[in-house]
Structures are given as C-alpha cells and as structure tokens.
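Colleague: I would like to learn how to read helix faces and helix packing. Could you take me through a case?

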Amino acid sequence: MSSNKPINPRDFADKANRARMLISCPDRAGIVSTVSQFLFDQGTNIVSSDQYTMDPEGGMFFMRVEFDLENLESRLASLQEDFTRVADRFDMRWSVYRASRRKRIAVFVSKEDHCLLELLWQWQSGDLDADITMVISNHEDSRAFVESIGLPFHYIPVTPDTKAEAERKQLELTEGKVDLIVLARYMQIVTPKFIERFPNRIINIHHSFLPAFVGAKPYNRAYDRGVKLIGATAHYVTEELDAGPIIEQDVQRVSHRDNVNELKRIGRHIERIVLARAVRWHVEDRLVVFRNKTVVFE
C-alpha cells in the first residue's frame, strides 16, 4: 500500500535523479579524491559529501555521498558496475540507494501508542520520507485510530504457546513487502529467526534505565532510587537483547519533585522523539553499521 499522504510532484522530480552512496573501508590516502573523480567522470553532480575516519593510521573510513545524475534510472546499473573496480581497489563495502524510492515500514506496537502516533504524525505531515504500509499489534487498542487514517491493522495475539505461529504470520505479512520494521513499544521479544530475515532493518526503542532497572515497573524503581536523568535509546535489534548498535539517544534532567507519573510522561516524550529521529536517519540512508556501532551522517 502506498502513502495516503498526497505526493508533491515537484518533490518527486527533485529526487528522481538523486542517489546516495554509503561506503566503509580501511582508511588510506586517496579514497575521497578517487570516489569524487569517479563520480565526476560519470557525469554526476555531488550535492553533499561527508566522511569520518576512526583512525587515519589503520582505522576504518566511512563516507556518504549524495549526487544527481541525469537519467539516473537507466544509468544507475552501469554506474554501479563501473564502481566495483574502485571498490575492489580499496576493499570497500558499499551501497547505492535511489532517493526517490521511499522505504516501506511496518510498525509493531503493543498497548502504549505514543511512539506509533509520533511516527504516523510525521508520516502524514511529510516529515518522514517513507511509506508506513501497515501496523501489526498483539493488542487491539490502536486499531480504530490506525484504520481511521486508512492503514491496514493486523492483530496477531502472542502467547508462549502461539509465539511460533504468530511469528509465521508476521513474516508472511512483512517479508519481501517492507524494508524496515519499527518496534514502537512492542513488548515482545523478537526471535533470532525473525532478526535473521531483517538484518540491521529492525529498530527498537527503550527507556534509558537499562541495565540498572530490568523488568517490570522501571520508573517506579528509578523514582525510589532518586534518579536525576531519564532518557531513551533507539537501536538496531540483534540476538542479544537490547544490546544492538545504538542509533540515537537523548536524556532530560528530573528532580525529587517529579513523581512516578511525571517521570513516565517525560520518558514517553523522549522515546517518541528519539525513535522518530532514528527511523528518519535510516530511511534517508544516513547510517552505517560497523561491528556493534553505528556511524550517523546527520
């Protein structure tokens, strides 16, 4: 299903010939000049370029380039084939994405809907350059609102006895049909089998009290300890629970004057902003994963 939000033809035209290249490789002299010369020889116009090195002496190098190329659709395959010679020379891992190809998102949610609502608002307002194609939940709470804006809502209950069947249904709905899965306060553990189908394409959000306050009622225990900072972490999902590459984090100071409900309200606000920011960076091809870290080209 495509976006219900009207598409501005001018916006599409601006992106029709734009592509983004992400590169990671061992650092050495000449990478930036070689890539730039290659793109110049191909007839592109570089509109932005950013790079980062972990260590100029033997570290890893990362680069993001946005460029315009006339008749991109018909010429991109040839450009990619020619670039393999450059990539082989520098031992690069690289990808090229068309800016006009909007990524398809499935949002998973349980009962709390604050992160879901933020994503839907940003999608409807045009701030999220992607298509939310479906919402999947193990509770019915969000159905009425989701369907009221014309999006499919899939209720898939999950119990210890039905988890395998629930996952089969989730994969049937998403595999090959979405580019990114967002766990917007989805309170179920995703299995290794599911993660394997979407490597570095599942984003989760959680409060910042981990690992200090694992389990139920973290805000109550944080209040009892008199915490002075609360926040949220968005990360890619890996088999190690809540330990995947971190994409974005934020915090806010609190005090003894804030009761548990106020802490929860502040926490919800931070979670929705942090998750939306992480999703936006992913769909705009601003993230490179290296080991258990991310390089973020903001």
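Modeller: Exposed means over 50% relative accessible area, buried under 20%, and partly exposed in between (1.4 Å probe, protein chains only). Helices are DSSP runs of H or I with at least four residues, strands are E runs of at least two, and both are numbered from the N terminus. This is a predicted model: local features need pLDDT of at least 70, side-chain atom pairs count only at pLDDT 80 or more, and totals for chains, interfaces and linings use all residues. Residues are numbered from 1 along each chain as its sequence is written, and side-chain values use heavy atoms, with hydrogens and water left out.

Colleague: Which residues of helix 2 are buried?

Modeller: Ile31, Thr34, Val35, Phe38 and Leu39.

Colleague: What do the buried residues of helix 2 pack against?

Modeller: Strand 1 (18-26), strand 2 (45-53), strand 3 (60-68) and helix 3. Just after helix 2, glycine 43 has a positive phi of about 90°.

Colleague: How do I describe a helix pair?

Modeller: Two packed helices are described by the angle between their axes and the distance between the axes. Here, the axes of helix 2 (residues 31-41) and helix 3 (residues 72-90) come within 11 Å and cross at roughly 165°. That makes helix 2 roughly antiparallel to helix 3, a label for angles over 145 degrees. Axes are lines fitted to C-alpha atoms, for helices over the stretch in contact, with angles from 0 to 180 degrees between N-to-C directions.

Colleague: Which residues make the contact between helix 2 and helix 3?

Modeller: Contact means heavy atoms within 4.5 Å. Helix 2 supplies Ile31, Thr34, Val35, Phe38 and Leu39, and helix 3 supplies Leu79, Asp82, Phe83, Val86, Arg89 and Phe90.

Colleague: What is the span of helix 6?

Modeller: The expected span is 1.5 Å times one less than the number of residues. Helix 6 (residues 163-174) has twelve residues and reaches 16 Å from first C-alpha to last, close to the 16 Å expected.

Colleague: Which residues of helix 6 are buried?

Modeller: Ala166, Glu167, Gln170, Leu171 and Thr174. They cover an arc of only 135° around the axis, so they lie on the same side of helix 6. The arc is that of the directions from the axis to the C-beta atoms. Ala164 and Glu172 are exposed on the face turned away. Cover for the buried residues includes strand 5 (103-109) and helix 7 (192-197).

Methods:
Angles under 35 degrees count as roughly parallel, over 145 as roughly antiparallel, 65 to 115 as roughly perpendicular and the rest as oblique.
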